[in-house]
Amino acid sequence: MHVFSSDTHHGHDPQFFVVRGQIRRSNEQPERAERLKLAAQRAGHTIAPADTFDRETLETVHTPRYLDFLENVHARWLELEDSNPEEVIPNVHPFPGEPCTYPQHLVGRVGFHLGDMAAAIGAGTWRAAEGAAHCALSAVQHVQGGARAAYALCRPPGHHAYAERANGFCYLNNAAIAACDLRPHHERVAILDIDVHHGNGTQGVFYDRADVLTISLHADPHYMTPFFTGHAHETGRDAGEGYNLNLPLPKGLNTEGYLRELERACDRIAAFAPGALVVSLGLDAYEHDPYQGVAVTTEGFERITRRIAQLGLPTVLIQEGGYLSDALGDNLASALAGFA
Ligand SMILES: [Zn+2]
């Protein structure tokens, strides 16, 4: 399989992250991508650099003011008196359902566009996020060229990012961008998110659309972030009603249990009959992942992706989460083997 990667990710290495009130280094570290790339290479896949694409390809998902913000905020932050020179961190947020005016002050904009403290922005964040999106678009291009599947080694990940809000380590929604790039070629496109966290941003981007089906299997938000979304009763809105499926999973669910839930997702995709599929491939459903949500084994990833491959659709695989553990690389090799 072709693996598209970008070296720009090295410039993004957030140090500021808060866990239960303690400042810690973020789990989303450059080492992740290096291990994934090495594992893909060792498994015999073809590593290719991402192409570059116009900004319009990002505007299919994200607003121009948000893209401007991401690109320029760090330089403007440095001009603020006594700001943290390393990273842009939000400290105020709008309240849902209340009147909200787009702020003029930079600190207000930071709170408007950065949904949590897991979306810090450093000097290299924009280039890295753009590079990750270009990996996704390169994988789409490869699949449109006739390949059965392609894998985008996206870092930072994307499935938590909304049209104009970063959160949960995500800035640009790589899977949504891929789906929108596929859409002109296919009447319907499906996104299947198997990261252990709910793909809240992806759900948000397509929530009122019937042409892009969004399905997410994830740790039940009753016990895991993003807490506010990912519940089974969120089924879509207006024209999109019935085109969003959330499958919340109990803590510690094993591979067999996971495969049973996956069957429901695959049935829904088959009924939708899309022309192409985007998979948000998080590897954090792994049993020894630091997040400890569900308990898929290394071999389990191959069984999961083999079932997805049986759908027989042109498929773009997008790297999402999956954090440092001894098996991170093996888990990717296993997931890619399911498509062999
Ligand atoms: Zn995740």
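In this predicted model, the second largest pocket has a volume of about 170 Å³. Its lining is made up of Arg35, Leu38, Ala39, Arg42, Ala43, Ser325, Asp326, Leu328, Gly329, Asp330 and Ala333, and the elements that contribute two or more residues to this lining are α1 (30-42) and α10 (328-337). By residue class, the lining of the second largest pocket divides into five nonpolar, two polar and four charged residues.

The largest pocket, for its part, has a volume of about 1,500 Å³. It is lined by 43 residues, of which Gly115, Asp116, Asn167, Pro226 and Phe228 are the closest to its centre. Two or more residues of this lining come from each of β2 (17-19), α4 (106-113) and α7 (200-206), and among the elements it is α7 that gives the most, with four residues. Sorted by class, the lining of the largest pocket comprises 23 nonpolar, 14 polar and six charged residues.

In soluble globular proteins, nonpolar side chains tend to be buried together. Here the largest nonpolar core has 49 residues, and those with the most contacts inside it are Leu172, Val278 and Ile318. Helix α5 (residues 125-144) supplies the largest share of this core, namely 10 residues.

Leucine 172 deserves a look of its own. When its neighbours within four places in sequence are left aside, leucine 172 is in contact with Leu58, His62, Leu67, Leu70, Trp126, Ala129, Glu130, Ala133, Pro157, Gly158, Ala161 and Ile177.

The cysteines remain to be considered. A search of the whole structure finds zero disulfides. Cysteine 154 is in no disulfide, and the nearest cysteine sulfur, which belongs to cysteine 135, is 5.3 Å away, whereas a disulfide would need the pair of sulfur atoms to be within 2.5 Å. Why does cysteine 154 count as buried? Cysteine 154 does so because its relative accessibility is 1%, and the limit for a buried residue is under 20%.

Conventions:
Residues are numbered from 1 along each chain as its sequence is written. This is a predicted model: local features need pLDDT of at least 70, side-chain atom pairs count only at pLDDT 80 or more; totals for chains, interfaces and linings use all residues. Side-chain values use heavy atoms; hydrogens and water are left out. A nonpolar core is a set of buried Ala, Val, Leu, Ile, Met, Phe, Trp, Tyr and Cys residues joined through side-chain atoms within 4.5 Å. Buried means under 20% relative accessible area, exposed over 50%, partly exposed in between (1.4 Å probe, protein chains only). Contact means heavy atoms within 4.5 Å. On a 1 Å grid over the protein atoms alone, a cavity is a set of points where a 1.4 Å probe fits but cannot get out, and a pocket is an open set with protein on both sides within 12 Å along at least five of seven lines; lining residues have an atom within 4 Å of a point. Grid points are joined across faces, edges and corners, and a volume is the space filled by probe spheres set on the points. Ala, Val, Leu, Ile, Met, Phe, Trp, Tyr, Cys and Pro count as nonpolar, Asp, Glu, Lys and Arg as charged, and the others, Gly among them, as polar.
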